[in-house]
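Keep the sequence and the structure side by side.

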Amino acid sequence: LPDGSHVQCFFERSCPLLKVCTPTHVYIPPRGSSHPRILFYGESPGGEEDDGNSPFVGRSGRLLRSVVEEVVGPDYMDHVTFSNTVRCFPHEQSSYGKKYGRTPTDEEILECSYYTTQEIETLNPDIIMPLGNVAVRALLGEGLPGITRLRGRQLTLRQNEKEYLTIPSLHPSYIVRGGGKDRAQLVADVKQAWEIATGTGVRRVTYTITDPDELCALVDTWIADYKAGILPWFVWDLETAAEKKGGGLRPDDPTFFIIGASVARSGTEGYFIPTQHPDLPDTVDSIALRSHLLRLYTTVPTVMQNAKFDVKCTREFWGVEPAALVHDTMLSSY
Ligand code: URA
């Protein structure tokens with residue numbers, strides 16, 4: 001096998017599920033370590049992966065491997081594993097036999113998730129890195145922000161009562177298409193994952209607060225620290241959704257609603273305050289949560305990711321204005 005890989009191949013050449021996928025159904029197994037520090041998930045193999053029977057051996061694969069080698073070292077295949085959320089090459093075939101790659105369908109992704117679940121359980125990776133929107137959706141579900149906003153964040157994948165730290169990043173083919181200008185972002189994300197997996201990185205945690213008394217105490221402390229000059233600002237990010245796909249970014253969508261807000265005062269610890277989460281049990285007093293949250297928002301200056309959007313939402317839906325805007329990280333990225 002190329003790369004001197006150790007991973008067990010679940011099914012050698014053809015997929016036994018064979019229900020909805022491409023006409024050839026050639027299963028391309030994961031390659032790399034059998035207990036990886038990082039398990040990378042791409043979208044699906046391309047023509048070169050199909051020929052080589054290994055994930056990420058084509059053009060974008062070479063870019064990904066060069067990044068991983070740069071961060072992990074030349075023996076990277078002993079420490080990481082490459083896989084895909086769809087394991088055969090989704091393609092159309094022309095009348096003279098040429099294969100054209102295409103995006104996998106939702107059905108194919110769903111069908112192949114059988115392997116993903118098994119693979120994650122068997123390989124038991126320290127960290128999972130989905131690359132690009134398709135892999136993020138396949139692993140973590142719908143409703144998350146797009147990859148350019150999500151990359152580098154520390155998320156949790158829950159499966160069979162286990163939790164896996166998951167750090168999404170850009171797909172290498174997106175970087176190749178952009179002429180390589182975003183390569184440094186992939187390097188930074190792989191570096192973050194590698195440092196956490198090897199014990200030198202910073203693991204950020206997010207707590208969900210559903211107890212109004214707990215939130216009241218936190219808000220009191222932050223406001224007191226602000227008044228004492230210890231806390232100049234806090235970071236604020238609204239989480240929104242709508243019934244319709246994409247509607248969560250459009251406050252004028254009739255089904256739009258605010259799920260809650262994420263707040264933080266340091267880079268290692270964040271809090272999510274749900275104010276209208278569809279999964280919240282009836283016992284959670286979201287009105288009390290919202291009033292404590294807004295006490296913070298209207299007293300302590302904030303740093304935001306996209307102030308125009310958040311300020312519009314809080315003004316129109318909750319009738320409040322932020323105490324002051326210190327910095328909008330979106331503007332600095334422009
Ligand atoms: N793109 C992917 O998503 N996976 C591969 O294996 C190759 C290219």
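Predicted model: local features only at pLDDT ≥ 70, side-chain atom pairs only at ≥ 80, totals over all residues.

Residues are numbered from 1 along each chain as its sequence is written, and side-chain values use heavy atoms, with hydrogens and water left out.

Start with the rings. A pair of aromatic rings is described by the distance of the centres and the angle of the planes. Here, rings of Phe, Tyr and Trp (its six-membered ring) pair if their centres lie within 6.5 Å; planes under 30 degrees apart count as stacked, over 60 as edge-to-face and the rest as tilted. The whole structure holds twelve aromatic pairs by this search. Phe256 and Phe317 make a tilted one, with 5.2 Å centre to centre and 50 degrees between the planes. Why does the pair tie together parts that are 61 residues apart in sequence? Phe256 lies in the loop between β10 (234-241) and β11 (257-264), whereas Phe317 lies in helix α10 (residues 307-318). Helices (H or I, at least four residues) and strands (E, at least two) are DSSP runs, numbered from the N terminus.

Now compare burial. Buried means under 20% relative accessible area, exposed over 50%, and partly exposed in between (1.4 Å probe, protein chains only). Phe256 is buried at 6%. Phe317 is partly exposed at 35%.

Ring pairs also build a cluster from Tyr207, Trp222, Phe234, Trp236, Tyr271 and Tyr297. Elsewhere, Lys98 lies over the face of Tyr100, 5.3 Å from the ring centre. The cut-off for a charge over a ring is NZ of Lys or CZ of Arg within 6 Å of the ring centre and within 35 degrees of the ring normal.

On a 1 Å grid over the protein atoms alone, a cavity is a set of points where a 1.4 Å probe fits but cannot get out; a pocket is an open set with protein on both sides within 12 Å along at least five of seven lines; lining residues have an atom within 4 Å of a point. Grid points are joined across faces, edges and corners, and a volume is the space filled by probe spheres set on the points. The search finds one cavity of 30 Å³ or more. The largest cavity holds about 60 Å³. Ten residues line it, and the closest to its centre are Cys15, Cys21, Cys88, Cys112 and Tyr115.

The second largest pocket has about 690 Å³. Its lining counts 29 residues, with Ser44, Ser60, His171, Ser173 and Arg177 the closest to its centre. Which helix gives the most to this lining? That is α6, with four residues.

Finish with single residues. Arg37 sits in the loop between β1 (31-32) and β2 (38-42). Arg37 is partly exposed, at 31% relative accessible area. Beyond neighbours within four places in sequence, its contacts (heavy atoms within 4.5 Å) include His79, Asp126 and Trp194.

Asn53 is in the loop between α1 and α2, and is buried at 11%. Asn124 lies in the loop between α3 (106-123) and β6 (127-130), and is partly exposed at 29%.
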